[in-house]
Amino acid sequence: MDSITSKAVVLSRQYMQLRNLATVAAAKPAVAPRIKKFAVYRWNPDISGDKPHLQTYEVDLNTCGPMVLDALIKIKSEIDPTLTFRRSCREGICGSCAMNIGGCNSLACISKIDTNLEKPVKIHPLPHMYVVKDLVPDMSNFYAQYKSIQPWLQRKDESKMGQKQYLQSVEDRQKLDGLYECILCACCSTSCPSYWWNSDKYLGPAVLMQAYRWMIDSRDEATKDRLDRLRDPFSVFRCHTIMNCTKACPKGLNPGKAIAEIKKLLSGFTKKEEPKLNPIG
Amino acid sequence: MAAMMSLCRNFGKVGLSNRMTIGNPCLAALSNRNKTFLENRIVPSSQNGVKKFTVNHKALAETSSCKSADDHTRLWTIERSLALSLVPLVPSAFMFPSAAMDYLLAISFTLHAHWGLETIVVDYLRPKVVGPALAKLGVALVYGISAFTLGGLFYFNYSDVGIVNAIKMLWKL
């Protein structure tokens, strides 16, 4: 027992010496604060006569996380609690914090703050959307358009739905890669000039990519109906391949290409292939 | 997302049965066609000056089920085919000049420009912004310009040197 106790004493003494070294090393002189300016769009409908304006906040980047959302949360909690914005997952998967940062639509939680202290970061809500307050846009139209493309599996005979899995070959499942990952953040649609001018009738890249996702799903049998619903001059054909959508997508998806594939299907240039595996086995 | 999906599924069941049982969804759709998507399907209401939007599900289901009355696909495909055909047509007009080629060029250029201009006017002269009268006037103007252009090019082909020769002469300057 004695040897164990003495060993423990030696070890704890060594540990304490190491700890002292660490604390001595850590007691450095204070680092100069890196002040970054954030110019944020503000508008409060509850204040009568309020007009949209830019409000500038100063944040020390040394005490703030690296992403724009970190700064916004810091501003809200320490400087101005009235700053209003949507947020949830803080990891780029929910799509809540989509906003216009430095002129480009992206998710605030995965957009790094530009550490150049000379220039302010300009933060605006998604372009050409009705603003509910500050950075919160009204997404009702966007969601209604998504609903209108009937984003669920449709088969001719749905009497036995849910009893067995619908089979799908690996190759057919790969066709959905790059389509199913969409988080409906609306960054792409709100970066599209055609959607700015005609958001009432043009569906926009996000919704169209999801329409395509259901069209080419090998298990879906309503392809003809899905296409027929898009034959008018506005739903699809306001796309002029501007390709802002693909540039803006924070998840790296390609809505522009999906729309091109829809146009090919609509014009009859391509046809949907037969499923490699019969879904009902 | 999951909540929205179940919402969509419930909405879809209603929509599908409407399509099968309602007498003439196409007629209903046509009467709604002049209204915009937003006015028809999204009903704005105001409270404290904040615009709220609710969704008119019935109108949403009916108007989306009968778009076949408005098939723009064929026209779109012809527009792209024409654009594609201009690529070999223009050099071959210079390689094998003739009066027929001149007239073919005149028609192709005018048609291509007409459809392009019409798309621009439809994109930008939105009835919601400039009013329905000016939107229709814009399209009519495009037709007028195209007719004038075609007439002018035909006249030029007939009584003057023709398109290809004119470009060759301009190039020599």
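This is a predicted model: local features need pLDDT of at least 70, side-chain atom pairs count only at pLDDT 80 or more; totals for chains, interfaces and linings use all residues.
Chain A holds an open sheet of five strands, ordered β2-β1-β5-β3-β4, with mixed pairing. The edge positions are taken by β2 (53-60) and β4 (104-107) of chain A; each has a single partner strand, so one side of each has no neighbour in the sheet. From one strand to the next, the twist averages 35 degrees.

Helix α2 (residues 68-79) of chain A lies across four of these strands, namely β1 (35-42), β2, β3 and β5 (121-124) of chain A. The helix runs at about 95 degrees to β2(A).

## Strand β3 and its partners

Strand β3 (residues 98-101) of chain A is joined to β4(A) by four bridges, and the pairing is antiparallel. Across this pair, A:M99 stands opposite A:S106, and A:I101 stands opposite A:C104. The hairpin that β3(A) and β4(A) form has two residues between the strands, and A:G102 in this hairpin has a positive phi near 60 degrees.

Strand β3(A) also runs antiparallel to β5(A), to which two bridges join it.

## Make-up of chain B

Chain B contains nine helices and two strands. Along the sequence the elements follow the pattern α-α-α-β-β-α-α-α-α-α-α.

Of the 173 residues in chain B, 34% are buried. Among contacts in chain B with a separation of 6 or more, 55% are between residues 24 or more positions apart. The accessible surface of the chain is about 10,800 Å², and carbon and sulfur atoms account for 69% of that area.

An unreviewed UniProt entry lists B:Y124 under "binding site". In the model B:Y124 is placed in helix α6 (residues 99-124) of chain B. The residue has a relative accessible area of 47%, so it is classed as partly exposed.

A:S194 belongs to helix α5 (residues 193-198) of chain A. Its relative accessibility is 4%, so A:S194 counts as buried. With neighbours within four places in sequence set aside, the contacts of A:S194 in chain A are A:S199, A:Y202, A:R238, A:H240 and A:I242, and in chain B the residue touches B:D123.

## Cysteines

How many disulfides are there over all chains? The count is zero. A:C104 is in no disulfide, and the nearest cysteine sulfur, belonging to A:C187, is 10 Å away. With a relative accessible area of 44%, A:C104 is partly exposed.

A:C187 is likewise in no disulfide; the nearest cysteine sulfur to it is that of A:C185, at 3.6 Å. The cut-off for a disulfide is a pair of cysteine sulfur atoms within 2.5 Å. A:C187 has 0% relative accessibility and therefore counts as buried.

How values were computed: Residues are numbered from 1 along each chain as its sequence is written. Chains are lettered from A and ligands numbered from 1 in the order in which they are written. Side-chain values use heavy atoms; hydrogens and water are left out. Two strands pair if DSSP finds at least two bridges between them. Axes are lines fitted to C-alpha atoms, for helices over the stretch in contact, and angles run from 0 to 180 degrees between N-to-C directions. Contact means heavy atoms within 4.5 Å. Buried means under 20% relative accessible area, exposed over 50%, partly exposed in between (1.4 Å probe, protein chains only). Accessible areas come from the Shrake-Rupley method with a 1.4 Å probe; for residues, only the protein chains shown count as cover. UniProt positions are given in the numbering used here, feature names are shortened, and annotations may be inferred rather than shown by experiment.
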